[in-house]
Amino acid sequence: MTSLTQLNDYSRLLMAISENDVPRLQQIIKIALDNGASVREVVNKLEDAIEGVYRPRGYGSSDIDIATLVYRLGGRQLLYALNHQIGVPSIRTLRARSTFTTITPTIGPIRPEQFDDNIRNIILNTRDATTSLRGVSFMIDEMALEEMAIHFGKHNKIGGLCWKHSHLVDPVLRTYDSAVRIAQKIHNQEVHLGKEVTVIGVACFGEDELYPVLAAPTCKTENAADMEGILTRAIERWSATGADTLVGPVWSFATDGDATRRAAGHRLFVKTPLSSYSPLYATLSDMPGLNTFTGDNEVTLDFDFKHIFKREFCICTLIRSPAGITLNNGRIINAMMLSRYLIWLPAHDEASVTKLLHPDDPQDVPRAIELMQAIVSLSKSQQASIDNSFSTDIDLRADLMSVKLLSDIIESILLPFIDISLSLTEQVQYLSRYAHLSFAIFRSHRRAFMPYQLYYDTHTMVKNIMFCIRKQQILDPGEKFFVGDSGDDRLELHFGRTRMIGGHNSGCSYSQVLDRLGAAKDIDGVFKRHPELDPGHRRLKLGTRHDTVDHINRVMWRGDIVSGRCDLPSAWQTGRDMALTILTASQIDPINFSFPTLFSDPAVDMLRPFGMNKYLGISDEDPEDVSVP
C-alpha cells in the first residue's frame, strides 16, 4: 500500500509540473527538500503556489541578477509584471539586496569632489579587496545630450548647464528670482545648455568592466588648455583617493582622435623623456625609433584602434576617398581603382564591392574590417602577377604592386587585433612592421600617404602598447596582456549599452544620461557574471560577416599572450626586418628606410619622422610645413 501511495504522489508531482506553469518551481522544490518535506508535501506546496496562496521566500544571486536586467532594461513596470507572473524579485527586494550604480552629477564647474565621490562609490566600494593590482587606463569620449535644464531635487540645484561657463551662475533654486536669473543667463548666452556630456571612464588591463568617474555637460567650446585641466584633475584624484594603491597605477589615457583632446593629451603625456633610472628604460631604449616621451608618472597617450580603422581621416576613409592613398612611386589607390580589382575575388561581385567602398554607415567597424581583409585577399590572390617581371601590362602590374604594399600595411596593423592565434611576440612583430613601413612611406609621400593626424594617432597607439606591455612585465610577468585592452573600446561598449537602454534615442536629458550610464554599469556587472546572456554589439565587432569570430576578447584569444614571455626588443627588431624586406622590393627611395642612420639622430623617431623635435598632427589645423624636408 505504501508503494502505491508513493507512486500516486509521484504521479501527482509530475502532473502538477506538466500541466501548470508554476512560478519559481526550482525554488519551491529546493526549499521543501531542504526542510525535509516528503513528495506529498512538495506537491501540496506546488498546488498552493498554483493557487497563489504560497510564495517561497529567499532569492539566489542569479535571481537578483535577472531581476536587475529586467529592471535596468525594461523598467519598473516590466519588473512588476514579471514579479507577479513568474515570481522574479520585486523592486523592494532589489533595493534591499543590491546597490544600483549612482553617478554624482556635475553641477557647476568640474570639481575634485565629483571625481572623489564616483571613484569611491563606483570603484573602491565595489571591488574585491583581495584583487591583485592592475594597470589602469583612463578613457574619455562624449555622448549626445538634449539641450535642457534639469532640477536635481536632492541638491535643489539646476543641472544640465555647461561646466565651462556655469561658474557664472548660482545653480541653487532659493526663490523664484533664482530661476529667473538662471534663465536670463542662458538667454544672454553667458552660460549654455549642454550639447553633449563628456564622460571619463576607468578600466583595468586584464578586466572588462568600465567605471564612469565623470559625466559633465559641455557646450563644445573647450580648448586644449581646458581639456588639459580635466585630464590632469582626473589622474590627480585617482591618486588622492588612494585608488592607485588599491586598484593600480594609471598607465595610459585613451581617446578617439578628437583634435582638442589630441592636443591636450600631447601636452600632458608626450612631454618628458623617459628617465634612465626608470625600470622601463633598459628595454624600451633598446627599441630604435620608439618615441620614449611620457607624462608625469610615465603615463602615455593612447588612441582607439577601431577609430583608426573607420573614422574621419582614418584608413578606410582614405581608401574610399577620391584622393585615395599614394604609394609606390606615386601610385594612387582609391575607391575607383579598387572597384576594378576587388570584383576579381570569388567572394565578391559588383554589388558587394560597392557596399564595401560606399557603405551606408561609414562608422560600421565590421564593414571597415571587411574592406581591409578584401584588399589583403586581393593581394595574395594576385601574387603571381605581381612577381611576373616580364608582364607586358605595365599599368596592371604597377597597380597590383601598390595594392600589395597597401595590403602589407593593412595586415600589419589589423592582424594584431583580429588574429586570435597570434602570440604577444607575433603581435609586437606586426605592430613594429607597421611602424617601420608607415614611417618610411610617410617620409616619402607625406600627406599624400596619410594625414598627419592619422600618422600621429597610429604611432601613438603602437607606442602605448609597447609601454603597457613593459609595465605589465614589471607589475606581474605571469599575467596575460591583451592588446584589445588598449584604446577606449570599453567606453564605446558602455555607450552602446547606454543607448540601448534609451531605445537608441539620442534625445535624453542630463539626468537621464546619468541614470542610463549607471544602469549600463549594473548591466555590465550582470553580464560579467553571466557572459552567456550578453549578445554583444554588432557595430563594434571586429569579426567580419563572413567568419565566426564574434566580438573578440581575451577569453577567445588562443595565442600565448603571457607578458613575461615576450622579448620586446627582439620582436621589435624582427618587425623592422620584415618591413625592410617589403620596402626593399618596393620603389620607395632607400634613404627613407635607412633606419640605423635615421634613428642615430636623437631628434628622429617614429613620432618625429623629420627630426627637429617636430611632432606632426597635433591638431587638425596643422599646415603643410615647408621647413620639414
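Two strands are taken to pair if DSSP finds at least two bridges between them, and helices (H or I, at least four residues) and strands (E, at least two) are DSSP runs, numbered from the N terminus. The structure is a predicted model, in which local features need pLDDT of at least 70 and side-chain atom pairs count only at pLDDT 80 or more, while totals for chains, interfaces and linings use all residues. Residues are numbered from 1 along each chain as its sequence is written, and side-chain values use heavy atoms, with hydrogens and water left out.

The secondary structure of the protein amounts to 25 helices and 11 strands. Of its 629 residues, 55% count as buried, where buried means under 20% relative accessible area, exposed means over 50%, and partly exposed lies in between (1.4 Å probe, protein chains only).

Five strands build an open sheet of mixed pairing, in the order β5-β4-β1-β6-β9. Strands β5 (210–218) and β9 (300–303) stand at the edges with a single partner strand each, so one side of each has no neighbour in the sheet. Neighbouring strands are turned by 25° against each other on average, direction ignored; here axes are lines fitted to C-alpha atoms, for helices over the stretch in contact, and angles run from 0 to 180 degrees between N-to-C directions.

Within this sheet, strand β1 (residues 136–144) has eight of its nine residues buried, so β1 is largely enclosed by the rest of the structure. Nine bridges pair β1 with β4 in the antiparallel sense, and Ile 140 stands opposite Ile 200 in β4. Toward strand β6 (residues 250–255), by contrast, β1 runs parallel, and four bridges join the two. Strand β4 (residues 196–204) in turn pairs with β5 in the antiparallel sense over eight bridges, and Ile 200 also stands opposite Leu 214 in β5. Helix α7 (residues 112–124) packs on the sheet and touches β4 and β5, its direction making about 150° with that of β5; contact here means heavy atoms within 4.5 Å.

Two loop residues that flank strands of the sheet deserve a look at their backbone. Most residues other than glycine have a negative phi, and most peptide bonds are trans. Lys 220, however, has a positive phi near 70°; this residue is found in the loop between β5 and α9 (224–240) and, at 39% relative accessibility, counts as partly exposed. Glu 298 likewise has a positive phi, near 65°, is found in the loop between β8 (293–294) and β9, and is partly exposed with a relative accessible area of 23%.

Turning to the helices, α15 (residues 335–342) and α19 (residues 394–418) pack at an angle of about 100°, with their axes 12 Å apart. They are therefore roughly perpendicular to each other, since angles under 35 degrees count as roughly parallel, over 145 as roughly antiparallel, 65 to 115 as roughly perpendicular and the rest as oblique. At this contact, Met 337, Leu 338, Arg 340 and Tyr 341 in α15 meet Leu 396, Asp 399 and Val 403 in α19.

Finally, Arg 433 has its place in helix α20 (residues 424–445) and, at 8% relative accessibility, counts as buried. Its contacts, leaving aside neighbours within four places in sequence, are with Asp 408, Glu 411, Ser 412, Gly 575, Met 578, Ala 579 and Ile 582.
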